[in-house]
Amino acid sequence: MQLLEERILRDGKVKDGDVLKVDSFLNHQMDVKLFGEMAKEFYNLFQHDNITKILTIEASGIGIACITAQVFSCPVIFAKKSKTKNIAGDVYTAKVESYTHGGTYDIIVSKEFLKPEDKVLIIDDFLANGSALTGLVKIVMDAGAKLAGAGIAIEKAFQPGGSLLRSQGVRVESLAKIKSMSGGAIEFC
Ligand code: 5GP
């Protein structure tokens, strides 16, 4: 998506550890008009999939997911990052390794909000090693719901997440795919 790629080139900052900072329009301050354009792209890709729920993960996915859900006219569920050790049985859970902060945490979704009759579109801001997306896919599978696929804003294609999930048969659609950002120079696929 050209608009997003241009914005990444203009305002993105490459940090140590192959982290792309996009705090000025996506991860801290949010450009809602840009989100609207991204939502339209996701709709073009998944409009025939009869999506009934959008699933994302707190916190950075929520903004994009909400704007996207307006176009699909469906609710958004965000997986919560849980600090609770003893998680009750009324939730689906998965373990996720944090790319940006290190360590592992649990994510939870209440069983009340995800049902076998749901058709789910997962939305997230970044795809790197694929841990967050793998956790979200597990939750959809555990619920017995159908997975339409995943809409990702920025995929770092030089990291393994995209290939991993696609090799498992998950439809992953990324609006901007970064081939390389070595030396701070961002190149798209
Ligand atoms: P993964 O689980 O695929 O390794 O990483 C995806 C998650 O880590 C995303 O939900 C996102 O919050 C965060 N993340 C991964 N790479 C980056 C990055 O380069 N920049 C930012 N801002 N977040 C990232």
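**Helix packing and cores in a predicted model**

User: Is Asp118 buried or exposed in this predicted model?

Analyst: The relative accessible area of Asp118 is 6%. Buried means under 20%. Asp118 is therefore buried.

User: Where is Asp118 found, and which residues does Asp118 touch?

Analyst: Asp118 is in the loop between β6 (104-110) and β7.

User: Are α3 and α4 parallel, perpendicular or oblique?

Analyst: Helix α3 spans residues 32-46 and helix α4 spans residues 61-72. Their axes come within 8 Å and cross at roughly 55°. Angles under 35 degrees count as roughly parallel, and 65 to 115 as roughly perpendicular. So α3 is, relative to α4, oblique.

User: Does α3 pass α4 in a left-handed or a right-handed crossing?

Analyst: The axes of these two helices cross at roughly 55°. The crossing in which α3 passes α4 is right-handed.

User: Which residues of α4 meet α3, and how many residues of the contact are charged?

Analyst: From α3 come Val32, Phe35, Gly36, Met38, Ala39, Phe42, Tyr43 and Phe46. On the α4 side they meet Gly63, Ile64, Ile67, Thr68, Val71 and Phe72. By class, 11 residues of this contact are nonpolar and 3 are polar. The number of charged residues is none.

User: How do α1 and α3 pack, and how many residues of their contact are charged?

Analyst: The axes of α1 and α3 are 10 Å apart, at an angle of about 140°. That makes α1 oblique to α3. Leu3, Leu4 and Arg7 of α1 join Leu34, Glu37 and Met38 of α3 in the contact. It has 4 nonpolar residues, no polar ones, and the charged count is 2.

User: Which element gives the largest share of the largest nonpolar core?

Analyst: This core has 33 residues, and those with the most contacts inside it are Leu4, Ile8, Leu20, Leu26, Met38, Ile54 and Ile154. Elements giving two or more residues include α1 (2-11), α2 (23-27), β8 (146-156) and β9 (172-180). The largest share is 6 residues, and the element giving it is α3.

User: Which residues does Leu4 touch?

Analyst: Leu4 is one of the residues with the most contacts inside the largest core. Again, residues up to four places away in sequence are left out. Leu4 touches Phe25, Leu34, Met38, Ala153, Ile154, Leu175 and Ala176.

User: How many residues does the other core have?

Analyst: Another core lies apart from the largest one. Its members include Leu55, Ile77, Val96 and Val137. Its residue count is 27.

Key. Residues are numbered from 1 along each chain as its sequence is written. This is a predicted model: local features need pLDDT of at least 70, side-chain atom pairs count only at pLDDT 80 or more; totals for chains, interfaces and linings use all residues. Side-chain values use heavy atoms; hydrogens and water are left out. Axes are lines fitted to C-alpha atoms, for helices over the stretch in contact, and angles run from 0 to 180 degrees between N-to-C directions. Helices (H or I, at least four residues) and strands (E, at least two) are DSSP runs, numbered from the N terminus. Angles under 35 degrees count as roughly parallel, over 145 as roughly antiparallel, 65 to 115 as roughly perpendicular and the rest as oblique. A crossing is left-handed if the near helix is turned anticlockwise from the far one by less than a right angle, and right-handed if clockwise. Contact means heavy atoms within 4.5 Å. Ala, Val, Leu, Ile, Met, Phe, Trp, Tyr, Cys and Pro count as nonpolar, Asp, Glu, Lys and Arg as charged, and the others, Gly among them, as polar. A nonpolar core is a set of buried Ala, Val, Leu, Ile, Met, Phe, Trp, Tyr and Cys residues joined through side-chain atoms within 4.5 Å. Buried means under 20% relative accessible area, exposed over 50%, partly exposed in between (1.4 Å probe, protein chains only).
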